[in-house]
Amino acid sequence: MTDLSLYRNIGIFAHVDAGKTTTTERILKLTGKIHKLGEVHEGESTTDFMEQEAERGITIQSAAVTCEWKGHRLNVIDTPGHVDFTVEVYRSLKVLDGGIGVFCGSGGVEPQSETNWRYANESEVARIIFVNKLDRIGANFLNVVDQVRDVLGANALVMTLPIGTEDTFKGVVDLLENKAYVWDESGQPENYSVEDVPADMADDVAMYREQLIETAVEVDDDLMMAYMEGEEPSIEDLKRCIRKGTRDLTFFPTFCGSAFKNKGMQLVLDAVVDYLPAPTEVDPQELTDEEGNPTGEKAIVSADEPLKALAFKIMDDRFGALTFVRIYSGKLNKGDTILNSFTGKTERVGRMVEMQADERNELSHAQAGDIIAIVGMKNVQTGHTLCDPKHPCTLEAMVFPDPVISIAVAPKDKGSTEKMGVAIGKMVAEDPSFRVETDEDSGETILKGMGELHLDIKVDILKRTYGVEMVVGQPQVAYRETITTPIEDSYTHKKQSGGSGQFGKIDYRIKPGEPNSGFTFSSSVVGGNVPKEFFPAIEKGFKGMMEKGPLAGFPVLDVEIELYDGAFHAVDSSAVAFEIAAKGAFRQSMPKAGPQLLEPLMKVDVFTPEDHVGDVIGDLNRRRGMINGQEPGATGVRIKAEVPLSEMFGYIGHLRTMTSGRGQFSMEFSQYAPCPANVTEDVIAKVKAREAAEK
């Protein structure tokens with residue numbers, strides 16, 4: 001039995017290019033897991049093992065590695081920073097107990113850091129902060145600390161101060177111990193000396209140390225009283241207070257260094273052990289019923305409880321399908337039979353492995369607190385609960401965002417059709433934000449995702465990993481339709497053709513619903529003019545028609561339908577007759593109810609050097625963007641705007657041209673909003689032209 005207090009399940013998350021993967025790489029080197037450092041910019045890092053990751057220097061899927069530091073077992077997940085892959089961050093946070101938020105010393109709090117921080121807040125994950133890249137030009141540790149407080153509203157508790165900046169950065173002062181850690185120029189992480197605080201920093205160190213102690217003792221009334229009476233708490237007491245404050249999300253211990261230059265990493269690892277919670281110290285996961293409503297019970301983290309585990313990631317690699325699992329309680333042995341509470345089916349655990357990015361070590365057993373992978377599970381998907389067949393339960397499920405962009409793909413030759421089907425099936429299982437459907441009219445395969453890069457990578461994986469050559473269409477926007485005018489109408493379905501006929505009459509009101517309300521159906525029929533048993537059929541008829549709107553055949557949002565009267569026939573009325581009546585009613589009435597096209601608006605966050613702000617804002621205005629604000633930073637300006645997705649295709653190329661390659665942007669879905677008339681006409685014309693071409 002392993003002592004759970006010695007476990008740390010942590011994730012590393014940040015904006016693109018803040019240095020997460022390099023930080024993970026340094027952790028593995030320091031903990032003795034790897035002996036040669038691989039660099040991201042050379043495409044050789046341990047956790048970026050996909051070809052596409054190595055080439056682009058970005059992380060696409062979260063990778064899990066296990067290592068040890070000072071007798072503690074660390075399960076580390078390196079997550080992607082790019083906005084198109086936030087689903088990876090979201091699902092990783094769901095199974096982690098703590099995290100390291102990495103911020104760039106010169107870039108500060110960037111757009112994706114905000115999104116990831118918000119996810120971590122929602123998941124109530126305790127975090128420490130590591131301000132990286134202090135060797136870079138423009139790096140300023142205290143500026144980033146201020147940004148964390150202002151932009152994220154997070155209380156950053158300064159634990160270390162940098163010695164020197166930019167090219168003179170050589171070490172850090174540990175405020176708690178009041179000691180300086182200075183590294184030599186060899187670049188080796190172990191080549192450092194512990195010295196006295198440099199004389200020119202003494203005043204700053206004293207001031208920040210006092211702030212540190214004052215903030216820490218606030219979580220313990222007795223220590224606070226003693227401190228106010230002039231008694232300084234011991235290092236052990238302070239560490240205990242910082243641990244409690246970190247776990248309660250009162251503050252976030254903040255460290256600095258340079259992962260690339262191997263400076264400051266040991267203190268970050270010490271902080272993971274000292275301040276981030278063990279699995280038993282985190283609020284247990286909620287259990288839910290089959291509909292996803294909390295039952296009030298929780299998955300207590302203990303090896304002595306029945307098995308409860310969550311499958312949080314499916315990955316297909318050269319050894320077969322891998323299901324990544326976080327075990328919350330109980331034990332799991334090779335050969336055990338476990339129940340998937342979502343499908344109601346049992347499966348036998350053949351092989352279990354501990355992951356080292358794309359390497360693996362065979363395991364014979366695992367227990368509460370572990371993050372492992374099971375090989376060859378058949379019907380398990382992301383978010384499914386695996387449990388003891390004698391004690392069925394369901395853990396709180398994961399909710400994934402809907403895709404906003406789609407492309408049509410077709411295999412280049414007949415031989416690739418089957419290969420493409422199998423490959424896409426595996427990819428959909430791996431990534432819940434990636435969807436696929438077949439267009440019934442044209443027979444085309446439609447891939448749907450979170451952004452251009454997301455779909456670009458998927459097509460690349462299909463080509464390289466699965467060897468499927470494809471013809472790829474233009475990106476398409478996921479438009480929606482709604483109505484603007486309430487109407488009252490009546491529809492009768494009557495059919496008489498030998499034998500029993502069909503009859504159903506409905507009187508109904510259709511009106512626009514509240515934003516994001518979807519479809520709501522109600523009935524105010526009195527006196528039994530339409531018997532109650534036909535209501536579900538009428539609702540089903542209307543609901544089934546919401547998939548295709550009257551304008552251009554896009555799904556319909558936010559409509560309320562009220563059935564207020566009707567008529568039935570004792571012999572000829574049936575559920576089928578009323579369902580057909582509802583479908584006919586939809587076709588008849590929707591075009592009269594002021595149909596309107598809706599387009600997805602994206603929250604766009606653009607970073608640009610100051611001298612290009614005017615160009616960038618002018619360009620966003622031309623793209624029908626609404627500018628919501630500007631925030632000057634140390635190295636440039638961040639512009640926040642809402643822009644229709646249809647206007648953002650190929651934006652990165654334009655932005656780089658305008659800003660001489662220095663601009664960056666990120667975007668995520670915000671809401672659906674009405675399309676201007678000229679855009680609506682254009683979209684409808686394109687849809688009609690496409691339909692005509694297919695005929």
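Helices here are DSSP runs of H or I, at least four residues long, numbered from the N terminus. Keep that numbering in mind for the tour. The model is predicted.

**Stop 1: helix α8**

Select residues 235-247. This is helix α8, with 13 residues. From its first C-alpha to its last, α8 reaches 18 Å, close to the 18 Å expected at 1.5 Å a residue.

Now colour the buried residues of α8. They are Leu238, Cys241, Ile242, Arg243, Gly245 and Thr246.

Step just past the helix to Leu249. Just after α8, this residue takes a positive phi of about 60°.

**Stop 2: from α8 to a loop**

Select Arg247 and Glu281 and show their side chains. They meet in a salt bridge, 3.6 Å from N to O. Arg247 belongs to helix α8, while Glu281 sits in the loop between α9 (265-275) and β12 (285-288). The pair links distant parts of the chain, 34 residues apart.

**Stop 3: a buried pair**

Next, select Arg73 and Asp370. They form a salt bridge, and their closest N and O atoms are 3.7 Å apart.

**Stop 4: helix α16**

Move to residues 677-694, which make up helix α16. Pick Asp682 and Lys686. They form a salt bridge, with the closest N and O atoms 3.7 Å apart.

How many residues apart are Asp682 and Lys686 in helix α16? Four, which is about one turn of the helix. An α-helix has 3.6 residues a turn, so residues three or four places apart point the same way.

Check the accessibility of each partner. Asp682 counts as partly exposed, at 41% relative accessibility. Lys686 counts as exposed, at 52%. The cut-off for exposed is over 50%.

**Last stop: the whole structure**

Zoom out. How many salt bridges does a search of the whole structure find? The search finds 28. Side chains of opposite charge can pair when their charged atoms come close.

Terms used. Residues numbered from 1 in each chain as written. Predicted model: local features only at pLDDT ≥ 70, side-chain atom pairs only at ≥ 80, totals over all residues. Heavy atoms only, no water. Helix = DSSP H or I, 4+ residues; strand = E, 2+ residues; numbered from the N terminus. Expected span 1.5 Å × (residues − 1). Buried < 20%, exposed > 50% of the residue type's maximum accessible area, 1.4 Å probe, protein only. Salt bridge = Lys/Arg side-chain N within 4 Å of Asp/Glu carboxyl O.
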